[in-house]
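Please view the sequence and the model first.

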Amino acid sequence: MADNSITLFSPYKMGKFNLSHRVVLAPMTRCRALNGIPLPAHAQYYTQRSTLGGFLITEGTLISPTSSGFPHVPGIYSDEQVEAWRNVVDAVHAKGSIIFCQLWHVGRASHPVYQPGGAAPISSTSKPISDKWKILMPDGSHGFYPEPHALTTSEISEIVHHYRQAAINAIRAGFDGIEIHGAHGYLIDQFLKDAINDRTDEYGGSLENRCRFLTQVVEAIVSAIGAERVGLRISPAIDFNDGFDSDPLGLGLAVIERLNNLQKQVSTKLAYLHVTQPRFTLLAQTGSVSEKEEAHLMEKWREAYEGTLMCSGAFTRDSGMEAVAQGHADLVSYGRLFISNPDLVLRLKLHAPLTKYNRNTFYTQDPVIGYTDYPFLNGTT
């Protein structure tokens, strides 16, 4: 329901977490974790973007050695990584913010150069990502995606265990919760989308089967750390990494039905559902999604989901304000604008000018340039 008194700067109760505003730091890969270990620069980067009662989601964080598809991304599967993340979390908590760790496995969106022993990446399928998409290699060049190894039915339980253990490790590191990355053509999405999943076992074919892997991951993590500490990101209607589906509305509703059922079973709501809106990219088979089509999808998903809904996808100040005022979303996550504006919440509140971001420094390894050197309104960094 529309309520014009609600703005991006209105407080919100997200389960057991009391948020002072609704502007969320979206998870964004930044490639600054040399050898997979968060550095002191990570603590500075996240604390720069922390506010009292604010909510941050980390960059995609690897659940296992087979998870990576980018250079120098952090993990959460070793004791050394857990301890390094603890320093980041402690610094964010000292600023009064809440922080979740996004758990990530890229699946087939990888390359043998990122895999233990130079093995093939794993996926729901043996089909590679098309040449339309390129992978960022460790030397900064771009390559093609190779043919992946389709997980056997018996191998899938081990991957579910990796997600569960990564969630436990995140809580050990002090994180307030975790977000499962089930979007953007990565591993979980490779099971969900019918343009990718060509399996003939109980993990392929019907919507019920294609949702099975995600359902098992969510249930395993909820049983380990509690539903109130778990968020999920999905993108039923975008085609990133060839991740499109013939019925995005039905896919989104199927995922939501399973989340609602789980919440009833455990008598606790998940922290949130995070949906990347179609404006994020193009829908492969139909071209650009019109505003009317996007609004219809989001309206149906919003009506169906029994809990906190977060949206992302190229939001501006005005569109974010409209989303929460109209009841289309409870929270709005911002990515690129938060990269170049560490004090984005204040700038949006004051309607102040925004610093432009530099795409050339999104995925570099420099711990300062394009990472912690963007100015605050008062001119400091």
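## The cavity

The largest cavity has a volume of about 60 Å³. A cavity is a set of points, on a 1 Å grid over the protein atoms alone, where a 1.4 Å probe fits but cannot get out; grid points are joined across faces, edges and corners, and a volume is the space filled by probe spheres set on the points. The search of the whole structure finds 1 cavity of 30 Å³ or more. This is a predicted model, in which local features need pLDDT of at least 70 and side-chain atom pairs count only at pLDDT 80 or more, while totals for chains, interfaces and linings use all residues. Residues are numbered from 1 along each chain as its sequence is written, and side-chain values use heavy atoms, with hydrogens and water left out.

The lining (residues with an atom within 4 Å of a point) consists of L214, T215, V218, E219, V255, R258, L259 and L262. Helices here are DSSP runs of H or I with at least four residues, numbered from the N terminus. By type, the lining has 5 nonpolar, 1 polar and 2 charged residues. Nonpolar covers Ala, Val, Leu, Ile, Met, Phe, Trp, Tyr, Cys and Pro, charged covers Asp, Glu, Lys and Arg, and the others, Gly among them, are polar.

## Helices α6 and α7

Helix α6 spans residues 212-225 and helix α7 residues 248-266; their axes come within 11 Å and cross at roughly 25 degrees. Axes are lines fitted to C-alpha atoms, for helices over the stretch in contact, and angles run from 0 to 180 degrees between N-to-C directions. The two helices are therefore roughly parallel to each other (angles under 35 degrees).

Contact (heavy atoms within 4.5 Å) involves L214, T215, V218, E219 and V222 of α6, and V255, R258, L259, L262 and V266 of α7. These residues divide into 7 nonpolar, 1 polar and 2 charged.

## Helices α3 and α6

Helix α6 also packs against helix α3 (residues 156-172), at an angle of about 35 degrees and with the axes 9 Å apart. On the α6 side, the contact includes F213, Q216, V217 and A220, and on the α3 side I156, I159 and V160 are among the residues. The contact counts 13 nonpolar, 2 polar and 1 charged.

## Helices α1 and α2

The axes of helix α1 (residues 40-48) and helix α2 (residues 79-94) come within 9 Å and cross at roughly 25 degrees. That makes α1 roughly parallel to α2. H42, A43, Y46 and T47 of α1 meet W85, N87, V88, A91 and V92 of α2. Here the division is 6 nonpolar, 3 polar and no charged.

Key. Parallel < 35°, antiparallel > 145°, perpendicular 65-115°, else oblique. 1 Å grid on protein atoms, 1.4 Å probe; cavity = no way out; pocket = protein on both sides within 12 Å on 5 of 7 lines; lining within 4 Å.
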